[in-house]
Amino acid sequence: MSVPSSAIESVLIENRVFPPSDAMVKCARISGMAAYNALCAQAGGDYEGFWATLARENLAWSKPFTKTLDESNAPFYKWFEDGELNASANCLDRHMGTPVENKTAIIFEADDGAVAKVTYKELLARVGQFANALKARGVKKGDRVILYMPMTVEGVIAMQACARLGAIHSVVFGGFSAKALQERIVNIGAVAVITANVQMRGGRAMPLKAVVDEALALGGCEAVKTVLVYQRTKDACNMVAGRDLTFEQALAGQSTTCAPVPVSAEHPLFVLYTSGSTGQPKGVVHCTGGYLLWAKLTMDWTFDLKPEDVFWCTADIGWITGHTYVAYGPLAAGGTQIMFEGVPTYPDAGRFWQMIERHKCSVFYTAPTAVRSLIKASEADPKVHPKRFDLSSLRILGSVGEPINPEAWVWYYKNVGGERCPIVDTWWQTETGGHMINPLPGVTALVPGSCTLPLPGLMISIVDEMGHEMPNGSGGMLVIKRPWPSMVRTIWNDPERFKKSYFPEELGGKTYLAGDGAVRSTGEATNGADRGYFRITGRIDDVLNVSGHRMGTMEIESALAAKSDLVAEAAVVGRPDDLTGEAICAFVVLKGGRPTGDEAVRIANELRNWIAKEIGPIAKPKDIRFGDNLPKTRSGKIMRRLLRSIAKGEPITQDVSTLENPQILKQLAEKL
């Protein structure tokens, strides 16, 4: 695999460097490049000892571990396996009897602006009561529980309650369709579903319980014996006798004290489904000890979290970012965090800045898509520009979900951070469990658009298809050469897919393939200030990154093909998009011939709605093009590289001599 020269040049021409301030270096947990290098040297000199020390210092163990890393069955690595602990106890119980117990754990702001605060002591009581309610319904250690919840404190309570019992939770984002939900319920063998009647977003109530009912009616969900429903609003919803209970009914009479169940460090904490390059979602398994260690450490290292900080990660708990940096990391670190139910543009695009001002947020972590949309809104309406608000409480900014383009980075740095707040531009994945490559506030000189350097203890490289190291300035595949504690353990019920997806034999079967292309800078453009900095250049497989959400092209193609009354064939690719980073473009061949005019628009809208129903609104293509056929070789292979060029609006410069039907390219280039 090779990286386009344009991607390499974009690294070389970036000549803006922003060193950390002396004040930031002085107060940071990791202070200065020498301290960073010392940690890296410790890991290099005694890899297992490095991680063992961190695990003992940062986690509370009910049974101490004696073995750090088991590599005997690679790539099914195990960390701290003979040790026992409980994730909920590490997030809540360990703070009792300390000043943290009466500290605000969560500041919740609802869609309508109502604010509620919960202390650590209150949160522990609510989690204990909910865990007892689950226990009363027969939920026990090892059982799987699906969550389909709004972005509310109740969602975090439900996740923590599952962890308290040793039950394995799987959170499904509230925007996924009934069919997508049903597939996950069936795949994981859930015994219970936790949901709400509705979720509130942008002033609108959007159904959740109705989607759960539809999913369960699709079949294969017979193991589900319990559905617990949070009444987010007073609106009534369907309740099935004997199966469904409101939270109020389930919690009635339950004690607020529930002893945490000790589990092995390798006991699965959760399964989170992510798109792959095939149509079937992958159930990524994360285990308790290693995952929780990295969630806590990255709160300390990346965000340099201090006792007085107010942290805000804007991600939904349905994604990995909401797991690590809402439900677990901030609580394990004893921090105060903001949770927000709504959207950044309601009631206007000043909502984020209003909330930062109101709650005195000091560490703010959001997605480039949100930043780009707010840049656009600020240009259209000066009243919502961040400079109109008091953002002086901010000291660190973060970016997550996709690479942030340099100009958006600079706008964020200047207009939100006031040119004083370092931006931690984080590269990581669902599978990594937490941050992997990103600046450290008191260490790293920042370069817009670069995620800079790996965190201490992580052995990350760029290689070619044969596993050979690539020199700085040459692109290749991003790989991780040694196991690390928070890594994905397997794919739920599919170990062979796990090995094939992440540890291919071509790389020796023990090297983790991230699926992203990357390049390391030479430092020439910045007088060496960024030598060896990483920059992510995009996916090397058929997975799109739309607003930070991974969508498999095959998954969308399969949904289109399922519209069998209309669609004969379809191919899906991505193209760059100023707002979402990447946009979905679908090329469709219909059974009834190629439509034009209003008919084409009508069918395109019908297909978009169909995909929203099959997968969810986030998977709706931005572009749909119709053709009499797709560009194929004489052997029948679809030439997706040509479709990518068409989607981008680029002239076709590639060799098309192997195409069976080169004339189709002009037809597919026509937009609706």
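Buried means under 20% relative accessible area, exposed means over 50%, and partly exposed is in between, with a 1.4 Å probe and protein chains only.

**Ground rules.** I am working on a predicted model, where local features need pLDDT of at least 70, side-chain atom pairs count only at pLDDT 80 or more, and totals for chains, interfaces and linings use all residues. Residues are numbered from 1 along each chain as its sequence is written, and side-chain values use heavy atoms, with hydrogens and water left out. Helices (H or I, at least four residues) and strands (E, at least two) are DSSP runs, numbered from the N terminus.

**Entry: backbone angles.** Most residues other than glycine have a negative phi, and most peptide bonds are trans. I looked up some exceptions. Asp304 is not a glycine, yet has a positive phi of about 50 degrees. I found Asp304 in the loop between helix 11 (288–301) and strand 16 (310–313). Asn493, also a residue other than glycine, has a positive phi near 65 degrees. Its loop runs between strand 23 and helix 16 (495–502). Is Asn493 buried or exposed? Asn493 counts as exposed because its relative accessibility is 62%.

**Entry: cis peptide bonds.** I noted the bond from Ala74 to Pro75, which is cis with omega near 5 degrees. Pro75 is in the loop between strand 1 (69–70) and strand 2 (78–79). Another cis bond joins Tyr346 and Pro347, with omega about 0 degrees. Pro347 sits in the loop between strand 17 (336–340) and helix 13 (351–359).

**Entry: Pro382.** I placed Pro382 in the loop between helix 14 (368–380) and strand 19 (396–399). Pro382 counts as exposed because its relative accessibility is 52%. Between Pro382 and Gly350 I noted 32 residues in sequence and 9.8 Å in space, C-alpha to C-alpha.

Entry: Two strands pair if DSSP finds at least two bridges between them. Strand 26 (residues 543–546) and strand 27 (residues 549–552) run antiparallel and are joined by four bridges. Which residue of strand 27 is the bridge partner of Val543? The partner of Val543 is Gly552. The hairpin has two residues between its strands, and Ser547 there takes a positive phi near 55 degrees. I then checked the faces of strand 26: Val543 and Asn545 on one side, and Leu544 and Val546 on the other, are all buried.

**Entry: aromatic rings.** Rings of Phe, Tyr and Trp (its six-membered ring) pair if their centres lie within 6.5 Å; planes under 30 degrees apart count as stacked, over 60 as edge-to-face and the rest as tilted. How many aromatic pairs does a search of the whole structure find? The search finds 39. One of them is Phe50 with Trp51, edge-to-face, at 5.1 Å centre to centre and 80 degrees between the planes. Phe50 and Trp51 are both buried. Trp484 and Tyr512 also form an edge-to-face pair, at 5.4 Å centre to centre and 85 degrees between the planes. This pair links distant parts of the chain, 28 residues apart: Trp484 is in the loop between strand 22 (476–480) and strand 23 (490–491), and Tyr512 is in strand 24 (residues 512–520). Trp484 counts as buried because its relative accessibility is 1%. Tyr512 is buried, with a relative accessible area of 1%. I also listed one aromatic cluster, whose members include Tyr47, Phe50, Trp51 and Trp301.

**Entry: a charge over a ring.** A charge sits over a ring if NZ of Lys or CZ of Arg is within 6 Å of the ring centre and within 35 degrees of the ring normal. The charged end of Arg184 sits over the ring of Phe176, 4.7 Å from the ring centre.

**Entry: Thr274.** Thr274 lies in strand 14 (residues 268–274). It counts as buried because its relative accessibility is 5%. Contact means heavy atoms within 4.5 Å. Leaving aside neighbours within four places in sequence, I found Thr274 in contact with residues including Pro281, Thr430 and Arg550.

**Entry: domains.** Domain bounds come from an automatic or database domain assignment. This assignment gives domain 1 (22–343 + 427–514) and domain 2 (547–669). Their contact takes 20 residues from domain 1 and 14 residues from domain 2. The domain centres, taken over C-alpha atoms, are 34 Å apart.
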